[in-house]
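Colleague: Hi! Could you walk me through this model? I'm new to it.

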Amino acid sequence: MLINRVYKSCILAATICFIAMISASAQDLKGELSKIKPADFPNLPLEMTVVYPAGGGADLTARLLARTMEQISSEKLIVNNRTGGAGMVGHAWLATQAPTDGTAMGMLVNLVWGDAMLRSEGRWNYTDLEPIGYLNSDPMMWAVTTDGPLKSMSLTQIVQQAKDKPNTLRIATVPGSMWDYLIEQVENNTGAKFLRVPFQSGGQGATALIGNNVDIVPAFFADLRAYIDAGKIRLAAVASSKRVSHLPNLPTFNEELKGIDYEWTLIRFVVVPKKVSTERKAYLSAIVRAAMKDTGLIAEYVKMGVDFDPLLRDATDQAAALNLAAEKEREFYKKTGRIK
Amino acid sequence: MIERFVNLFWIALGFGAAVMALKMNLSGPYGPDSGLFPFLSSVMVCLSGLGLMFDRSSSAANIDWPSSEGFWRVAGVIFGMVALIFLLPYVGFALASFITMIILIRFVERVEWKQSILLSVCSVLSVQILFGYLLDMQLPRGPWGF
Amino acid sequence: MDTISALSQGFFLVLQPQNLLFCLIGSLVGTLIGVLPGIGPLAALALLLPITFTMTPVAGVLMLSAIFYGAMYGGSTTSILLNIPGEAASVVTCRDGYQMARQGRAGAALGISAIGSFVAGTLSVVALTFFAPLLGGFALRFGPPENFALMAMGLVCTLFMISGSKLKGLIMISLGFLLATIGIDVVNGKERFTFGTIDLTGGIDILALVIGLYGVSEILLNVEKIIKTTLVDTKVSNIFPTRDDLRRSMAPIMRGSILGFLLGLVPGGGPITASFMSYALEQKISRNPENFGKGAIEGVAGPESANNGAVGGSMVPVLALGIPGTPVTALLLGALVIHGIQPGPMFITQHADIFWGVVASMYVGNVMLLILNLPLVGMWVQLLRIPYRYLFPVVLLLSIVGTYSANKNIFDLWVMLGFGVLGWFLYKLEYDFAPFIIAFILAPLMEQSLRQSLAMSANGIMIFTQRPIAAVLFTISFLLIALIVFKRHKNELTEEINNANKSSL
């Protein structure tokens with residue numbers, strides 16, 4: 001019918017304009033970047049350090065980003081894994097030993113704040129690393145199997161069971177990080193008691209869940225997606241302030257447990273050592289921010305199931321916004337007696 | 001004699017480590033804590049050291065210590081390695097390994113100068129090409145850019 | 001049959017020229033990586049991952065798997081020729097392989113290594129082809145208690161390998177455990193034995209340890225005497241294994257393949273444990289166990305087959321369930337994710353073409369690697385004819401670069417040198433390093449599994465009796481220990497009788 005045809009042509013025209021704009025802006029982009037590129041920098045390939053093992057969620061995020069950054073800026077970018085101590089080794093290296101000439105960057109997640117505040121023993125601070133770009137966020141979720149005793153229980157019911165029969169429900173945790181904190185929060189607020197089984201990552205916990213070695217696993221969407229698609233795992237709730245856009249039927253912790261501060265999100269961002277010169281910092285930051293506007297990269301991240309927090313993404317000073325979140329975490333540590 | 005010192009060393013090491021391990025908690029909220037494994041292993045080291053002290057049959061039969069010349073050669077190699085590792089962050093990989101190769105080939109093995117230099121240059125270059133370019137690894141660079 | 005037709009589709013895909021080319025490149029690179037000491041498959045895969053972005057998913061995973069396989073093939077080369085393990089899974093090969101090389105039989109060792117790797121690789125892919133989903137389910141049943149029981153069994157097997165004083169072996173095992181605790185406690189993040197330095201927070205790097213303890217110490221030992229010419233005194237005779245060699249190796253190869261495959265399946269296993277267990281098994285079964293450590297070809301055939309079998313086994317959980325058991329398979333998984341493919345339980349059905357392509361590529365890769373490696377044997381053997389005084393500095397250089405390549409950390413080089421000197425010293429005093437290495441490698445996962453098992457158990461240590469697989473493994477371990485004690489007792493009794501006989505004469 002005519003209306004349909006007009007409608008379709010409009011969409012087509014709009015798409016063509018959009019693509020033209022994007023390609024034009026891509027050209028503009030390269031031009032703009034070369035304007036702020038400092039002289040004689042870089043004379044070595046840029047290195048992005050990931051503190052987690054190759055192949056994991058953080059590593060993939062970094063490699064996708066690095067690929068886009070290379071395409072946009074024509075700079076050579078190598079991704080390097082410095083693993084150990086659940087990130088501690090890489091964090092310490094970035095904060096204290098990484099070269100400060102601008103060739104070293106790190107892709108971090110906000111777990112670095114815990115490392116800095118609780119475990120660095122005064123040797124380095126999270127402020128030794130300055131954020132130059134926000135990437136994405138991943139709210140924490142609790143999941144159960146689809147064929148166990150918890151298979152049709154809501155979060156409220158699960159917590160109730162943990163309260164009625166304390167120390168029977170096994171939950172995976174990564175000690176000393178937000179896995180622990182969320183469980184602690186739930187236990188303190190509701191009187192439930194879980195049996196905590198330590199793992200090194202959410203992914204390992206998910207494997208344990210499938211093998212019936214734990215009953216509940218807190219993890220991020222990327223860790224669980226394959227099993228959800230296969231129908232083996234079911235999400236119970238998400239610990240964020242609003243429901244996640246691609247999972248509209250998943251209730252939040254706040255909704256289920258009638259709370260206001262069940263918010264635990266993994267935030268990923270890029271940093272450089274703070275001693276890097278201002279012009280180089282600005283150049284690198286511009287590349288990262290430009291990459292984060294690339295539709296291809298955004299599509300890849302969406303496929304991984306991550307979220308983009310508008311407060312951080314659209315902030316004019318992303319570094320300040322991130323540091324604000326860091327200080328909020330410090331408050332939490334003080335409140336729960338982890339820091340004096 | 002040497003063996004007795006070594007056994008004493010094991011006992012001391014085991015004992016010291018056990019003491020340090022006790023300071024980390026042996027058990028905690030999830031069951032055994034950080035200190036348990038170190039404590040158990042260090043106790044084992046200590047006890048085995050004690051056992052070795054008293055068990056004659058365990059000691060090495062004829063220890064094959066090197067001659068005095070052999071000893072200096074070993075020392076020379078160790079010195080060369082120390083030099084290399086020490087210089088590496090300062091003058092970069094190429095120069096540091098070149099210096100060390102000269103030390104090893106010329107002084108320890110007594111190869112004549114021309115051959116030493118040739119071999120050193122060739123091997124350093126080929127390693128640099130293999131790892132630095134082919135495998136795209138960043139080897140440390142010295143102040144002169146290579 | 002359905003599987004066969006699906007597999008033929010896979011072959012059709014793999015045998016296309018550009019995919020074949022990538023398989024070849026991967027095999028070459030993998031072999032090179034395996035031969036070079038230090039840089040291992042994980043580092044190589046991480047380096048080459050970006051190149052696969054522009055390829056099709058099949059080609060990309062094909063190349064990466066070929067690198068993985070190739071590294072296992074090549075890893076035995078320097079172990080045999082120079083006593084420097086190409087990667088940790090080849091440590092065991094050093095034992096008898098290097099001795100064989102000193103006796104002029106490097107060619108036989110290298111040849112058997114390649115053949116054993118081929119047989120094991122092919123057999124494990126066959127198992128993968130027909131039983132992937134079933135085996136995946138089996139792998140899932142290995143939780144923390146089973147992992148702990150399996151590793152305990154592995155440790156007991158090490159007791160068999162100890163030549164010489166058992167007390168010294170015990171010290172080595174305990175020391176391995178102790179040194180492995182240096183660094184950060186994986187369970188709760190606390191620092192242990194770090195003395196306030198950042199370098200020790202990462203713990204002691206296994207690569208630096210192994211290269212130092214085996215490679216550097218060997219060089220120091222050799223340098224003592226002026227080696228006028230080459231390392232090998234006798235002329236290098238036949239390049240290839242004799243018929244007798246092949247006959248003796250067949251059974252160890254078969255046993256090693258199966259053992260390796262099974263151990264590759266489960267998280268507590270992997271190529272390293274497989275190689276150690278195979279060695280212990282062969283030594284136990286052999287009619288002449290005293291030959292082990294002096295150049296017994298079974299001591300090369302078994303472990304080399306086991307570590308390649310384990311590679312095939314470790315692919316099962318990844319492909320069938322999307323669960324990576326080792327860091328390398330985790331990276332392969334990541335490569336698939338980057339290409340937009342989510343491995344998981346639905347992988348085989350949803351992306352059948354890629355699954356069968358990967359399986360077919362493993363067959364092709366194995367053949368390719370065998371064809372590549374056998375002729376190379378002749379070339380490698382020529383290497384031993386280089387005068388030692390030219391050879392060893394280059395080897396030292398390679399060791400340094402290889403160690404450095406792992407973490408780009410100077411501290412690792414000091415560790416390497418330190419353990420080199422220590423190894424030289426302890427070797428003189430007749431200490432055996434193999435138990436140390438395996439204890440060091442097993443300790444972190446073992447400790448974690450133990451603590452996890454106790455954390456998830458409502459009644460403490462009884463969990464090990466409540467889980468059938470764990471209970472079975474523990475029973476086997478106890479039986480093995482009883483065997484050792486009994487055998488020692490029997491030996492002592494026999495000695496007493498002999499002494500009594502002698503004194504009565």
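Modeller: Happy to; we can go through it topic by topic. This is a predicted model, where local features need pLDDT of at least 70, side-chain atom pairs count only at pLDDT 80 or more, and totals for chains, interfaces and linings use all residues. Residues are numbered from 1 along each chain as its sequence is written, while chains are lettered from A and ligands numbered from 1 in the order in which they are written.

Colleague: Which domains is chain C divided into?

Modeller: Domain 1 covers 2-466 and domain 2 covers 467-505; such bounds come from an automatic or database domain assignment. Taken over C-alpha atoms, the centres of these two domains of chain C are 31 Å apart.

Colleague: New topic: how many residues does the contact take from chain B and from chain C?

Modeller: Chain B puts in 51 residues and chain C 44. On the chain B side, helix 3 of chain B gives the most, with 15 residues. That side of chain B divides into 34 nonpolar, 11 polar and six charged residues. Ala, Val, Leu, Ile, Met, Phe, Trp, Tyr, Cys and Pro count as nonpolar, Asp, Glu, Lys and Arg as charged, and the others, Gly among them, as polar.

Colleague: And helix 18 of chain C, where is its kink?

Modeller: The kink lies at Ala443(C), shortly before the proline Pro444(C), and is about 45 degrees. The bend is the angle between axes fitted to the seven residues ending at a residue and the seven starting there.

Colleague: Why call helix 18 of chain C largely enclosed?

Modeller: Because 22 of its 23 residues are buried. Buried means 20 or more other C-beta atoms within 10 Å of a residue's own (exposed is 12 or fewer, partly exposed in between), with C-beta atoms placed from the backbone.

Colleague: Last one: is Ala98(A) buried or exposed?

Modeller: Ala98(A) is buried, with 24 other C-beta atoms within 10 Å. Ala98(A) sits in the loop between helix 3 and strand 3 of chain A. The C-alpha atom of Pro273(A), 175 residues away along the chain, is 7.3 Å from that of Ala98(A).

Methods: Two residues are in contact if their C-beta atoms, placed from the backbone, lie within 7 Å. Helices (H or I, at least four residues) and strands (E, at least two) are DSSP runs, numbered from the N terminus.
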